[in-house]
Amino acid sequence: MSATLPPLSRRRFVKLLAGGACALVIGIPLAAEAAAPDAPDAPLPAALLGDDLHALGAYVRIDGDGNVVIGIRDPDTGTGLSTALARLIADELDADWNQVSVVPLGLGVAVRDGKPAWIYGHQRGGTGDAIPAAWADLRQAGAVARYLITQAAARRLGVPAERLRCQAGVVVAPDGRRFAYGSLVEAAGQIDLPTQPLPLKTPDRFTLIGQSAGDVDARAIVTGQTRYAIDHHEAEELVAVLLRCPWPDGALASIDAAPALAVKGVVKVVPLTPEPNLQPGQTLGAPAVAVLAADTWSALQGRAQLKVVWKPGSGDDSAALEQQALALLDNKDATGQRVRNDGDVDAAGKKAARRLEATYVQPWLAHATPEPMNCLAHVEKDRATLVVPTQAPQQAWAVVQRLTGLAPDRIEIRVPRVGGGYGRRLDHDYVAEAVMLAKAADKPVRLLWTREDDLAHDYYRPAVAQKLGAIIDRKRNILAWTQRTAGASALARRGVPDDRLWTSELGADQLPAGLVPNYRSDWYGLASSLPRGPQRAMPHLSNAFAVESFVDEIAHALKEDPLDTRLHLLGPARQIPLAGGRSLDVGRLLNVLQLVADRIGWKQNWLHSVNGLGLACWHVDGTYVAHAIETSLNGNTLSIERAVCAVDVGRAINPLGLEGQVAGATLDALGTALNLAVSFKNGQVQQKSYKDYPLATMAQLPNEVEVITVPGGDRPPAGASFLAMPTAAPALANAVFRVSAVRVRRLPLMRELVRML
Amino acid sequence: MAQAQARDLPSGSEENIVPEKIREGVDLLINGERFRHTGDPKMPLLWYLRDVLRLTGTKYGGEHSGADLVLVDGKAVPALGQTVASLAGKRITTVEGMAATDGTLHPLQQAFVDEDAIGCGYCTPGWLIAALDLLGRKPHPTDDDIDQLPVLCRCGCQTRVRRAIKRAANGGKS
Ligand code: FES
């Protein structure tokens, strides 16, 4: 917390006398306000005064009965943020965890000079940055609350506050007298707020941070009480489903709405057109015709009756794009974008004892979020209220604001727990649809995407083809490493400069950059009309598969143990500077690799086991991950017998939550690599349902994921929701090679394995 | 009968009352409560639960997702695939009907909590219903039995779900 924290104002805490009950409410000024200390404070959410806590604010509320309510600012898409953020605050408050409950805050927006001010600071989920941001500023909220409570106790006892101890929601006096927090809230309301940021606990005094806790919403989830956005209703709502043009750049040619309007319950048919000149994800993905009805079933039946003719747009075939990509990789004269060039690859070639080359191809992918896109929008003349399953409420707000022209703080965005994000919900095409329809219908609109809509109208992870090369000297050193990557960037048309489009697929610092003296990486961008966008673990997923598969191929060519090849390539523990001031801590990377190797019994088993063992390691923004996988093959049936994953993410806020994220990302990545691919013919997605886009069954996945978390010491915590993604697939492919002698260079793996067996 | 009684009433002002005709509909038994659906009998159960009864614990995830599983006479079936008409007289249980009336969680629900078998939680009701069906048929399921559960989960909770089912089968002990 910076020392420029402005004084906390009285308005930020109130003594509540709603229904006779007292409560102490504390908020902290966050970075956005620290930057504008003279600006008026955002008003305390009025909802605090009643039982509806939705508009709680970045606040802690302590009730007279001792219950503590903590507001969660970042969307929880299943990443465990609700639990982790609440524990950060509750630890600093020394709250009794059993008395803590949480509420999602929704978007915090106020007006400053006519512009939006994000009063809660960081509000984004599933992108790996929420935990570091919370570590930096949110603990102060707990510290302020504890300060007020202890000052109140000190006054009551006539004892200096320094001599009081706080512990699980109780202040303990030197003579052993105990005061529950709840009994002090009224007095705490009279205490002046501190004028400086309070010192935070030293780690040796943490009571919750570093200890495991189950998901705060667990009970509500298992009883079916958790309401996701899709479960929200509004009085007089209409349900909307859309028939979308198969081509993003197509157009509506003709429409016969009569049969749809004849369906009982159907109220209105509304054609919609994407706004021009906007980036993908900020307006509709394609022209569409909406059917608005009294309920979902009527809307779906109405949509089935719509007679619409589309004017086709440009339609790419994914197979043709792949041919283009492969041709570029083979064309030595093709001009690309240089991503990185260390040393002199060509000169190194003169010392070559061996040259190896391999080409890897990875498919288009959809997000297939468990909760499909949906949005509840109520747009009135002077205000808009939305329930949005988003990872980025500030971006959702921007879409609503553009379409309504409302003042910043007249737009309320509520974000309940979200049924999966994976990058899909950084885009807000569905919000634009809902707002346009709510305006057109002049009624609240509950928009629903069916699974078929979702698979057909995603912003897909683009396919990528990569040709990797290695030059090896007589002493088996990798002298030079080349990689050529061809694909249609996921970031095209998204405001990223042309010479940075490769950043959707590659990082200039990714392995083995920095480890081999001569390294060259080139990018060949393809133009395509197919819609593309952010995906979980971008830009690590595809490159890690190619690189970590290729390291294994090198080991095989050199008749080496792939673990030894990796250890040799990584070299001694040292710091290698990375762009952006970070460094690659080779020692930490070696450590996670060795941990998984030891756990799976690599030295005893890799050569002699009838099963196949595979390894992979990677680093992501100062965090480290390795996988070891063991597979067996019975006819055409591949089984993953064991999956071991080690991660080093610094301090773990909630070890149980971290373990869940690591195991979950491992299974997601394995299932994706085994089964999943999207293909396009004439611009249209061929996969219609989960039958064609088969997420892994339990039988395909390992029965356990053995997770090893490296103790983080006093390193600050990092996000870990996707850290375990990049290495799972290459470790699997390497294990498959050992068990089957088939080198899978093309995903999805099962299709390729069965073809080559 | 009702009209005859009305005529017997002394007050003349109520003589013209015609009792409402009993509305046609499908009688349903959901979580032990009786409901009558008077809308389109072909409406899938899922939309009836979610739109009409506002029982939103049963999720929409699409065909084959398993998020929409409900128990019909003890067997897990997708609510998207059943018309309301086909369920007349059958016993339907949704995730909301699993806990005891005093709020005590069903052993499976408790096991999911204890194993923290939750990612985003959107698929969780589906797993619970599928597991309820399985344990009803086979109180001590094998790994192969658990492998057959027809639920998809992109968050990757499968290993914890497996543990939770085994824990529930083992009387709550892991
Ligand atoms: S927990 Fe998110 S899909 Fe299973």
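Leaving aside neighbours within four places in sequence, which residues is Asp76(A) in contact with (heavy atoms within 4.5 Å)? They are Leu81(A), Ser82(A), Arg417(A) and Val418(A). This is a predicted model, where local features need pLDDT of at least 70, side-chain atom pairs count only at pLDDT 80 or more, and totals for chains, interfaces and linings use all residues. Residues are numbered from 1 along each chain as its sequence is written, chains are lettered from A and ligands numbered from 1 in the order written, and side-chain values use heavy atoms, leaving out hydrogens and water.

Asp76(A) sits in the loop between strand 3 (68-72) and helix 2 (81-93) of chain A; helices (H or I, at least four residues) and strands (E, at least two) are DSSP runs numbered from the N terminus. With a relative accessible area of 4%, Asp76(A) is buried (under 20% relative accessible area, 1.4 Å probe, protein chains only).

Further along comes helix 16 of chain A, residues 586-600. Its 15 residues reach 21 Å from first C-alpha to last, close to the 21 Å expected at 1.5 Å a residue (1.5 Å times one less than the number of residues). Among its buried residues are Val586(A), Leu589(A) and Ile600(A).

The contact is made by Ala673(A), Leu674(A) and Asn675(A) of helix 18 and Leu749(A), Met750(A) and Arg751(A) of helix 20.

Note on methods: Buried < 20%, exposed > 50% of the residue type's maximum accessible area, 1.4 Å probe, protein only. Contact = heavy atoms within 4.5 Å.
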